[in-house]
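These are my notebook entries on a structure that was new to me. I record what I looked up, topic by topic.

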Amino acid sequence: MSNIESNNLPKRFEAMMQERLGMHEYEAFAAALQQKPAVSIRVNPKKGPHLFENEETVPWCRYGHYLAVRPAFVWNPLYHAGAYYAQEASSMLFANAIDYSKDLKVLDLCAAPGGKSSLFLSFLSENSFLVSNELVGKRASILYENLVKWGCANNIITNNRVSDFASFKGYFDVVMIDAPCSGEGMFRKDREAVEQWSEGLVTQCAAIQKDILTHAVDLVAPGGLLIYSTCTFESAENEDNLQWIYKNYGHKLEPTTIPIQPEWGVETVDIKVDGNRTQKGYYCFPHRLKGEGQFVSVLRVTGRDSSRNQPKGLGRNMKHLNKNELAAIFPYVAANDDLAFLKLGEDTVFAVPATLVNDISPFIDRMRIKKTGTLIGKLIRQNMIPDHEMVMDNLASPTMPHVSLDLTQALDYMQRKNVALQPGTPKGWIVLTFQGTPLGLAKNLGDRINNHYPAEWRIRKEPKDIQAM
């Protein structure tokens with residue numbers, strides 16, 4: 001069963017949904033809220049393309065699958081290694097709005113916990129550039145963990161206010177706003193969302209959303225897309241906000257659509273905006289499809305195409321590695337002509353696609369950065385200390401010893417316990433794997449290992465029955 005009873009729904013919410021759906025359909029909607037939510041995941045095409053391939057596919061996302069039962073994700077090493085991500089199916093719908101056939105610059109403005117950013121990374125070309133932003137520090141840390149595990153050198157994570165992006169006006173081909181909202185679409189899954197709901201919260205969220213839209217529209221390049229999404233059914237946060245943005249910025253906006261298939265069960269609504277124009281909006285209702293509540297709409301920013309003002313050269317405190325420094329890192333990281341290996345400050349080495357060096361530099365100079373490309377490690381007096389990020393992005397050199405662990409060993413490793421290795425395992429830095437997927441680093445001392453799994457990500461529970469994963 002779900003986390004709510006029908007008689008515990010806010011009365012104002014019930015009345016709103018009855019008016020939106022009509023009494024007959026509302027009964028089906030209310031009944032759906034009493035059912036157990038569908039369990040859905042999305043595989044990482046770089047790490048787990050064949051995982052769950054016998055499970056039902058999410059109709060609007062080829063990487064998404066429904067699971068018949070909810071597994072204990074915490075006891076599956078592949079989950080922690082970023083081979084797949086637990087994501088609500090409806091929130092994958094937005095990705096159908098975008099043409100991925102060309103290199104794109106994308107901003108995910110409200111990116112935590114990382115579901116939409118990791119979905120972007122599954123479709124974007126390697127020379128595309130994704131900026132994942134999250135204002136709230138604790139949520140930004142969760143975003144960092146999830147995107148590091150996913151593995152991505154063409155991504156940076158920022159921890160900034162929307163207004164801090166003002167110097168990147170007209171820079172992005174796609175700006176995604178998964179706006180903070182009143183959370184009605186999560187009522188079935190999250191009892192706290194029901195308890196926190198109020199009319200005041202709806203009003204507060206609508207105001208915050210307008211502020212985000214105001215700043216975001218100027219960040220989109222001419223011809224680019226502004227994608228607006230919420231997990232609520234409130235007109236004040238959805239249709240009304242779109243009418244508001246057209247009223248204030250309609251001269252530079254035009255409606256566009258998502259190619260929706262009828263069998264998906266998504267409802268398309270026509271929103272009268274300005275003059276005779278109609279903007280399409282798309283609702284996911286839990287009684288019509290296997291997913292939770294979601295709203296999404298896509299707007300195109302008009303205007304003449306113009307070249308972006310890209311700075312030349314590297315940013316402050318950045319430089320390319322010299323020949324000796326490259327020689328010091330290549331026993332640990334795989335050589336790759338498509339990547340630039342850079343040093344930030346005195347000893348931090350990271351990798352980004354060579355084509356994106358000029359794009360990433362101004363963000364490092366101007367923004368609060370949580371992640372830059374893929375961190376390779378620390379280079380201290382020509383001695384390399386490799387980092388977990390390098391392993392998660394599959395950049396570890398094949399010449400590094402790779403040691404396969406069984407399930408018990410893998411869970412011990414992720415609990416930061418000692419792992420007994422086979423006699424003859426080379427001493428020094430090693431990559432630990434599970435079913436061929438890298439888990440992280442350890443330093444083999446012979447009689448024991450130094451466990452370098454990130455302490456803040458360790459599994460804190462003890463498995464009762466690891467076969468039940």
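**Entry 1: a helix pair.** I looked up how helix 7 (residues 199-216) packs with helix 8 (residues 239-249) in this predicted model. Their axes lie 10 Å apart, and the packing angle is about 40°. I noted the crossing of helix 7 past helix 8 as right-handed. From helix 7, the residues that take part are Ala206, Gln209, Lys210, Leu213 and Thr214. On the side of helix 8, they meet Asn241, Trp244, Ile245 and Tyr249. Sorted by class, the residues of this contact are five nonpolar, three polar and one charged.

Entry 2: I then turned to an open sheet of three strands, which has the order 2-1-3 and antiparallel pairing. Strand 2 (64-67) and strand 3 (84-86) are the edge strands, and each pairs on one side only. From one strand to the next, I found an average twist of 30°. Strand 1 (residues 39-43) is joined to strand 2 by four bridges in the antiparallel sense. Within this pairing, Val39 has Leu67 of strand 2 opposite. I also looked for a helix on this sheet and found helix 4 (residues 115-123), which touches strand 1 and strand 3. The direction of helix 4 makes about 40° with that of strand 1.

Entry 3: Strand 14 (residues 339-344) pairs with strand 15 (residues 348-353) over six bridges, in the antiparallel sense. I noted that Lys343 stands opposite Val349 of strand 15.

**Entry 4: a pocket.** Last, I looked up the second largest pocket, whose volume is about 480 Å³. How many residues line the second largest pocket? I recorded 21, of which Lys46, Glu126, Ala153, Asn154 and Asp393 lie nearest its centre. The lining of this pocket comprises nine nonpolar, eight polar and four charged residues.

Terms used:
Residues are numbered from 1 along each chain as its sequence is written. This is a predicted model: local features need pLDDT of at least 70, side-chain atom pairs count only at pLDDT 80 or more; totals for chains, interfaces and linings use all residues. Side-chain values use heavy atoms; hydrogens and water are left out. Two strands pair if DSSP finds at least two bridges between them. Helices (H or I, at least four residues) and strands (E, at least two) are DSSP runs, numbered from the N terminus. Axes are lines fitted to C-alpha atoms, for helices over the stretch in contact, and angles run from 0 to 180 degrees between N-to-C directions. A crossing is left-handed if the near helix is turned anticlockwise from the far one by less than a right angle, and right-handed if clockwise. Contact means heavy atoms within 4.5 Å. Ala, Val, Leu, Ile, Met, Phe, Trp, Tyr, Cys and Pro count as nonpolar, Asp, Glu, Lys and Arg as charged, and the others, Gly among them, as polar. On a 1 Å grid over the protein atoms alone, a cavity is a set of points where a 1.4 Å probe fits but cannot get out, and a pocket is an open set with protein on both sides within 12 Å along at least five of seven lines; lining residues have an atom within 4 Å of a point. Grid points are joined across faces, edges and corners, and a volume is the space filled by probe spheres set on the points.
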